[in-house]
Amino acid sequence: MKGFKGVKAYVYGKGVITTDIGIEDGKIAYIGNGEKEIEKICDIDGILVPGFIDEHIHGAGGSDAMDATNEALQTISEYLAMEGTTGFLATTMTQSKENINNALKAAASAIKNGKFRGAEVLGVHLEGPFISPKHVGAQPLEYVLNPSVAEFEKFQRAAEGNIKIVTLAPEENGGTELTEALKKQGVVASIGHTGATFSDVEKAVRSGARSVTHTYNAQTGLHHREAGVVGAAMLFNELNCEMICDGIHVSIPAIKLVIKNKPHDKFTLITDAMRAKGMPDGVSELGGQEVFVKGGEARLKDGTLAGSVLKMNVAIKNLVERVGVPFTDAVDFATANPAKNIGLFGERGSIEVGKRADFTVLKKDYEVEMTMVGGNVVYKK
């Protein structure tokens, strides 16, 4: 079998160890020390970790999931491999039903074809249109809809069943019914772009909500007389907290506060990146709106943050070096936790025998040395 000899690797449940790793048929077939003959794929200098999974990303490299073409998804796929991401949810946004459906159909077609230049599309994150008109963030107000089971089911048909997460405002009319329907269908209901009170979130959790979209951003904050979405996010262990850890969307102390208050497997790194990621500073686009990118920040003309240009390997670096999170915890937040959240931990998200051979090699400076998807090298620096 092919694989790696004497590599430093983060093996799930064992920490960072020196070991041999064998690969057969795109999966991890062996982890040990010398009991199997392994044909070395290549020499690596860094630490072998599971491939990153980004459950909330709109675009990169000049392309966006809303472009609704296979080429756009392939561009994003190829770019993400350079930052160590091996799987992602193509994330839509509040737009016309026609535009959303076109994006969903393109994602479904790409998933069915199954051939990607880099990271795999694992499904869709439907971010909007079922959000609060008072908390749209960088999403166009004119296309906001009340949560609707019927409309969701139309979207899910267009996506051929590939919607894994739906961001919604549970306090809006129809929010409870949609949350309950999503739970029954095995889709993650994620509270986001919302003016929900603490009691609204409490009700949503009872109805089946399991996640909070980009915690702190576009939602009610923590106040001593009204704990809001942020307080509920920290208190309810059922809720997985997504977070954009670029130091721009959320301050370092605020990141620390959530991590301190969440179970280990309920904090998930996302990039929420848009098409400007990997592109020079200047004018970009999000949902038909002009976005101005400068110095790592992407904003609308009125100053509203419009997604990010964050790379996942940089998010991990920020957690370790600025927040003080142990390296293996930071890796879990970008691998095991999103895999658990979207129900794919049985096949990916950690280095264990039987799981997919999706790997990233991180150097000491957190730069990506190599990325492997299904046992195939898709990026090498």
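This is a predicted model: local features need pLDDT of at least 70, side-chain atom pairs count only at pLDDT 80 or more; totals for chains, interfaces and linings use all residues.

## Aromatic stops

Select Tyr12: its relative accessible area is 29%, so Tyr12 is partly exposed. Here buried means under 20% relative accessible area, exposed over 50%, and partly exposed in between, with a 1.4 Å probe and protein chains only.

Numbering runs from 1 along each chain as its sequence is written, and side-chain values use heavy atoms, without hydrogens and water.

How many aromatic pairs are there? Rings of Phe, Tyr and Trp (its six-membered ring) pair if their centres lie within 6.5 Å; planes under 30 degrees apart count as stacked, over 60 as edge-to-face and the rest as tilted. The count by this rule is six aromatic pairs. Tyr12 and Phe345 are edge-to-face, because their ring centres are 5.4 Å apart and their planes stand at 65°.

Lys355 lies over the face of Phe345, 3.3 Å from the ring centre. Lys340 also lies over that face, at 5.0 Å from the ring centre. The criterion is NZ of Lys or CZ of Arg within 6 Å of the ring centre and within 35 degrees of the ring normal.

Last stop: select Phe130 and Phe155. Both are buried.
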